[in-house]
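I record below what I looked up.

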Amino acid sequence: MSQKATAWSFQYEMANTPWDLGRPHPELLARLSADPTLGTGRLGRALVPGCGLGHDAVALADVGWAVTGLDFAASLAGRLDERIAFHCADAFTYQPDHPFDLVFDHTFFCAVPPERREALGHQMAGWVGREGMLASLVFPIGRDECLGGPPFAMSVEDLAEALGVAFAMTANEAADDAGRPWPTRWATFERS
């Protein structure tokens, strides 16, 4: 296990997880209530990278998605809801057996250092099937970059740039900030 993976795992073991809302993100719940397919037109396979304790993954499973949670914190193994297929792996090397219909990002992309975002965008292109979608709760918008991270300051434009030509943006909308001190946007991208 890498030193970073060990550090994240330790955070979960010590319950030192200030990024964890302790529940699914309210914006995700509202959107699932309005449309369980989140605009894909179908329920299918979903990936939640950086799933943590799996709150958002459970919300997706509750409406019928077959959910895989991905995290490199080994201490999460066995702690997620039994409906979530958990993979302990590094996102930069993770290769699924089959592409997903949906990848849902919340607290994942913002944890990646800016200099590694483009590599992650290329990786995401392999995760999302040809007619699939990436949905992201983009934050912390406007956070001072000199504060470092995680979370690292980001914007919808940063995410779009990292994803490159493999994706086309389909939504960029204001979203519930879940009580956090920074604005949040709901962004979706279709695999092109």
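Entry 1. I looked up Arg83 and found that its side chain meets that of Asp81 in a salt bridge, at 3.0 Å from N to O. I took a salt bridge to be a side-chain nitrogen of Lys or Arg within 4 Å of a carboxyl oxygen of Asp or Glu. I noted that this is a predicted model, in which local features need pLDDT of at least 70 and side-chain atom pairs count only at pLDDT 80 or more, while totals for chains, interfaces and linings use all residues. I also noted that residues are numbered from 1 along each chain as its sequence is written, and that side-chain values use heavy atoms, with hydrogens and water left out.

Entry 2. I then found that Arg83 also forms a salt bridge with Asp62, where the closest N and O atoms are 2.8 Å apart. This pair links distant parts of the chain: Asp62 lies in helix H3 (residues 55-62), and Arg83 lies in the loop between strand S2 (66-71) and strand S3 (85-88), 21 residues apart. Helices (H or I, at least four residues) and strands (E, at least two) are DSSP runs, numbered from the N terminus.

Entry 3. Are these residues buried or exposed? I used these cut-offs: buried is under 20% relative accessible area, exposed is over 50%, and partly exposed is in between (1.4 Å probe, protein chains only). Asp62 is exposed because its relative accessible area is 51%. Arg83, at 40%, is partly exposed, and Asp81, at 28%, is partly exposed.

Entry 4. I turned to Arg31, which forms a salt bridge with Glu173, the closest N and O atoms being 2.8 Å apart. Arg31 is in helix H2 (residues 26-34) and Glu173 is in strand S6 (residues 167-175), so that the pair links distant parts of the chain, 142 residues apart. Glu173 has 34% relative accessibility and therefore counts as partly exposed. Glu27, Arg31 and Glu173 are linked in a network of salt bridges. I recorded a count of 6 salt bridges by this rule.

Entry 5. Which residues of helix H5 (residues 156-163) are buried? I found Val156, Leu159, Ala162 and Leu163 to be buried. They line one face of the helix, because they fall within an arc of 125 degrees seen down the axis of H5; the arc is that of the directions from the helix axis to the C-beta atoms. On the other side of H5, Glu157 and Glu161 are exposed.
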